[in-house]
Amino acid sequence: MAYINDNYQKLPGSYLFSEIARRVAAFQSKNPSVKIIRLGIGDVTQPLPKVCIDAMKHAVDEMASAKTFRGYGPEQGYDFLRDKIAEYNYKRRGLNVEADEIFISDGSKCDCGNIQEIFGLNNKIAIADPVYPVYLDTNVMAGRTGDLKTDGHFEDVVYLPCTSDNDFSPSIPAEHVDLIYLCSPNNPTGTTLSKDALKKWVDYAKANDSIIFYDSAYAAYITEDGVPKSIYEIDGARDCAIEFRSFSKTAGFTGTRCGYVVIPRELTGVNKNGERVPLKNLWLRRQTTKFNGTAYIVQRGAEAIYSDEGQAQVKELISYYMDNAKIIREGLSEVGLQVYGGVNAPYIWLKTPNEMKSWDFFDKLLNEVNIVGTPGAGFGPCGEGYFRLTSFGNRENTVEAMKRIKSNLNI
Ligand code: MLT
């Protein structure tokens, strides 16, 4: 007999975006002629920057010759990419991150999900509510939580409510926690944490010997000055924070897959004998055992954004999506909806009209104007009554979506 990991059965239903895909497929099969506009999952629609395509084509050619062919690469990533990331994303911004503290991966979803494996099950986790579901679900799967309660929260987790009342900025908990998940620019709310707010978290983590998991996959979307792009902009963060970054939204790599984790060398956890152990070494051990590296061709594509030409092309791509964000923000405001986010992030978070439940609004939007979004409740109980739209659609669909909402949505 094979026993299953019972923790999986604590999870409700399916993964949020699989559930949405299932509902949309059911609607489409009943209404085959309807043109659905998908502003649900944050998946990009525009082609990769030309520099990436050229670099990947060149890398494919290298694979065609025995002299330049590459087999297994270093599990932690090729130096050519780690060096460029350290240079462009950190050193040029006056931040102290070395190339050997950067671990290349096949995307932030895997990194954010896998990181908890190097920590004991006895750690208390704190997560925002609403939250990107991967943080919580992977901790449930690992057995770091109790059961799901009737209020939609899991036992043994410290939730940090983020609502319009606190500008979607999680407050420091009154109790001790060991592992803290923060995401800025935030998925799903599209809001950001200020330097002051982050400083409070860094101070808390240092005082409590906690580790912050800082997901800044959307850092490239920050348009306002003074909003931190990296947690290492805060003094002391190297002693308490792991940072996650991604090429998915920065350069359109959602299908191509590339991301990275930064684990500063001074960051440690405690073993059962009370000794300090560098987390960087544990992550390297994990990755070398379970991961064989991101494809050489993909890493060459990612590297290509780190040139003047590459940076210009990425900027253009991001402007395209941020123009969509503006169109959505303005369109929703015009019909009287309360909107948040969409200024330093590709997500627009809206308050549903007339206190509607998030999933009811999902059905209404799909049925009345054939638009798919993401119900806020899918990100946690505090997301109830909110709804997320993404600016990653193409321009034509984004404009058309707002037109449909203005003329046909009955609110
Ligand atoms: C989202 O829609 O929240 C994201 O696309 C999910 C992800 O990046 O995994």
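Biologist: In which loop does leucine 39 lie?

Modeller: Leucine 39 belongs to the loop between strand S1 (37–38) and helix H2 (50–63); helices (H or I, at least four residues) and strands (E, at least two) are DSSP runs, numbered from the N terminus. This is a predicted model, in which local features need pLDDT of at least 70, side-chain atom pairs count only at pLDDT 80 or more, and totals for chains, interfaces and linings use all residues. Residues are numbered from 1 along each chain as its sequence is written, and side-chain values use heavy atoms, with hydrogens and water left out.

Biologist: Why is leucine 39 called buried?

Modeller: Buried means under 20% relative accessible area, exposed over 50%, and partly exposed in between (1.4 Å probe, protein chains only). Leucine 39 has a relative accessible area of 1% and is therefore buried.

Biologist: What makes contact with leucine 39, leaving aside its neighbours within four places in sequence?

Modeller: Contact means heavy atoms within 4.5 Å. The residues in contact with leucine 39, those neighbours left aside, include Ile371, Arg388 and Ala401. The C-alpha atoms of leucine 39 and isoleucine 371 are separated by 6.9 Å, although the two residues are 332 residues apart along the chain.

Biologist: What makes helix H5 (residues 133–142) mostly covered?

Modeller: Eight of the ten residues of H5 are buried, among them Tyr135, Leu136 and Asp137. The buried residues of H5 pack against several elements, including H1, helix H4 (108–114) and strand S3 (125–129).

Biologist: Which residue just after H5 takes a positive phi?

Modeller: Glycine 143 does, with a phi of about 95°.
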